[in-house]
Amino acid sequence: LFKVGALLLVYMEVYISAMACSIILFLLSVFIFYHHCSVLPFHNRVVNMVRGGIYLAIVTFSLASIVIQSYPNRQALQHWFMGALPVAFLVGSLVVWKICASISRYIGVLRGQ
């Protein structure tokens, strides 16, 4: 769904503004990150953590696109957001790790350990 929406958005960019495209992509990326955190589709914790980090970096990148388009001093903001991307990856991985740890703790309680 995300890929189809992004592809349609690219084709519709001629008819709508770049800011509207950036906002729609930001909302879609937030939805994808939230859905990934609520489902955790893979049984491997490391794969879930890496994908969570990538998804949050994409959310940060799309937010950067919105912020950079709206401010006149773009150079400083571009440097700041480029520095924030690795931090966003680490935070996304940490969020997924915390969710996985919470699920493991809950399963341990259910097993009576």
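Two residues are in contact when they have heavy atoms within 4.5 Å of each other. Among contacts in this chain between residues at least 6 apart in sequence, 68% join residues at least 24 apart. The model is predicted. Its chain has four helices and zero strands.

**Overall form**
- Along the sequence, the elements follow the pattern α-α-α-α.
- The chain is more spread out than a compact globule, because its radius of gyration is 17 Å, well over the 13 Å that the globule rule gives for 113 residues.
- Along the principal axes, the C-alpha atoms fill a box of roughly 60 × 30 × 15 Å.

**Surface and burial**
- Of the 113 residues in the chain, 28% are buried.
- The chain exposes about 8,000 Å², and carbon and sulfur atoms supply 73% of this area.

**The largest nonpolar core**
- Nine residues make up the largest nonpolar core: F33, C37, L40, Y55, L56, V59, A88, V96 and C100.
- Two or more residues of this core come from each of α2 (18–39), α3 (45–70) and α4 (74–111).
- V96, one of the core residues, is in contact with H36, C37, L40, N48, M49 and G52, leaving aside neighbours within four places in sequence.

**S22 in helix α2**
- S22 lies in helix α2.
- S22 counts as buried because its relative accessibility is 8%, and the cut-off for buried is under 20%.
- Not counting residues up to four places away in sequence, S22 touches S65, I66 and Q69.
- With Q69, the S22 side chain makes a polar contact, side chain to side chain, at 3.0 Å.

Key: Residues numbered from 1 in each chain as written. Predicted model: local features only at pLDDT ≥ 70, side-chain atom pairs only at ≥ 80, totals over all residues. Heavy atoms only, no water. Core = buried A, V, L, I, M, F, W, Y, C linked by side-chain atoms within 4.5 Å. Buried < 20%, exposed > 50% of the residue type's maximum accessible area, 1.4 Å probe, protein only. Polar contact = N/O pair within 3.5 Å; in protein donor to acceptor, adjacent residues only side chain to side chain. Rg over C-alpha atoms; globule rule 2.2 N^0.38 Å. Areas by Shrake-Rupley, 256 points an atom, 1.4 Å probe, with all protein chains shown as cover.
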